[in-house]
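Subject: Model with ligand, and notes on its pockets

Hello,

Here is the structure for your files. Please have it open while you read the notes below.

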Amino acid sequence: MTERRLLLATTNPGKIREMRALFKGLPWRIVGLGEVLPGLTFPERGRTFLENARAKSLFYSRKWAGLTLAEDSGLEVEALDGAPGVISARFARPRPGDESNNRKVLRLLAGVPEKRRKARYVCVIVLSERGRVIKAVRGEVRGRIAVEPRGTGGFGYDPLFYYSPLRKTFAELSAEAKNRVSHRGRAVRMMRGFLEKKGQGPGR
Ligand code: IMP
């Protein structure tokens with residue numbers, strides 16, 4: 001029988017909720033690791049977002065009969081040679097967290113003028129089935145690092161990520177406005193388009 005559940009390789013309930021909303025209407029129910037493969041973990045050791053998302057997606061797709069989706073994302077700051085990059089979530093060692101990560105970015109950029117504070121968010125999503133990659137997509141959004149945090153929405157580096165077309169940081173945008181332009185929104189729309197076609201075809 002065809003598996004009608006799509007595994008999202010994360011234990012983060014926020015991500016599961018967000019992805020369920022973004023993939024609404026597709027003929028799969030999104031389930032998290034806690035529901036179908038509890039206790040199984042995979043260490044992220046890749047040097048790029050693609051390496052991490054791909055390795056994670058393949059690892060779990062070998063343990064699960066249906067489709068598996070894995071995501072890796074983060075912030076790259078040009079003046080920091082692309083840091084924090086793949087270690088975005090744990091940048092401020094030994095106590096990483098949104099606030100300490102943001103403080104570290106601001107400290108490293110102290111005195112750097114506006115035009116050299118360019119940054120981008122990247123999101124890579126990889127879809128696999130039984131140890132084979134079916135589709136990989138990458139979304140990006142360009143902005144710059146503000147000189148101080150602004151706004152209370154979003155998460156992570158959003159209070160620092162200034163998006164000049166809207167003249168706001170991502171933390172000053174509603175969830176809908178952020179999704180329309182964000183790296184994750186872009187990547188998800190590409191993957192959704194692919195899944196819509198797949199959902200209609202015989203390979204479902
Ligand atoms: P992941 O859960 O390993 O993919 O970690 C991604 C990390 O990148 C997050 O913990 C944040 O620090 C950062 N990040 C990725 N996407 C966003 C975003 O949309 N806003 C703010 N920070 C983000």
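The notes cover the ligand first, then the pockets, then the cavity.

Please keep in mind that this is a predicted model.

Ligand

The ligand has 16 residues around it, and those that come nearest are Y121, F155, D158, K178 and R184. Sorted by class, the residues of this shell are seven charged, five polar and four nonpolar.

In D158, a side-chain N or O atom is 2.7 Å from a nitrogen atom of the ligand. For K15, the distance from a side-chain N or O atom to an oxygen atom of the ligand is 3.1 Å. For S73, the corresponding distance, also to an oxygen atom of the ligand, is 3.4 Å. On its own the ligand has 490 Å² of accessible area, and the protein covers 86% of this.

Largest pocket

The ligand takes up the space of the largest pocket. Two elements, β3 (67-77) and α6 (183-200), each give two or more residues to the shell around the ligand. The largest share of that shell is from β3, with four residues.

The volume of this largest pocket is about 1,100 Å³. Its lining is made up of 48 residues, and N12, K15, E71, S73 and F155 lie nearest the centre. Elements that give two or more residues to the lining are α1 (13-22), α2 (33-36), α3 (49-61), β3, α4 (98-108), α5 (175-181) and α6. Of these, β3 gives the most, with five residues. The lining has 19 polar, 17 nonpolar and 12 charged residues.

Second largest pocket

The second largest pocket holds about 160 Å³ of space. Its lining residues are E114, R117, R144, I145, A146, V147, E148, R150, Y162 and T169. By class, five of them are charged, four nonpolar and one polar.

Cavity

How many cavities of 30 Å³ or more does the structure hold? There is one, and the space in this largest cavity is about 40 Å³. It is lined by L8, A9, T10, K15, M19, K56 and E71. This lining divides into three charged, three nonpolar and one polar residue. K15 and E71 are part of the cavity lining, and both are also among the residues nearest the centre of the largest pocket. K15 is also the residue with the 3.1 Å distance to a ligand oxygen atom.

Regards

Technical notes
Residues are numbered from 1 along each chain as its sequence is written. This is a predicted model: local features need pLDDT of at least 70, side-chain atom pairs count only at pLDDT 80 or more; totals for chains, interfaces and linings use all residues. Side-chain values use heavy atoms; hydrogens and water are left out. A residue is near a molecule or strand if one of its heavy atoms lies within 4 Å of it. A polar contact is a pair of N or O atoms within 3.5 Å; within protein, one must be able to donate a hydrogen and the other to accept it, and residues adjacent in sequence count only if both atoms are side-chain atoms. Accessible areas come from the Shrake-Rupley method with a 1.4 Å probe; for residues, only the protein chains shown count as cover. On a 1 Å grid over the protein atoms alone, a cavity is a set of points where a 1.4 Å probe fits but cannot get out, and a pocket is an open set with protein on both sides within 12 Å along at least five of seven lines; lining residues have an atom within 4 Å of a point. A molecule sits in a cavity or pocket if more than half of its atoms lie within 2 Å of its grid points. Ala, Val, Leu, Ile, Met, Phe, Trp, Tyr, Cys and Pro count as nonpolar, Asp, Glu, Lys and Arg as charged, and the others, Gly among them, as polar. Grid points are joined across faces, edges and corners, and a volume is the space filled by probe spheres set on the points.
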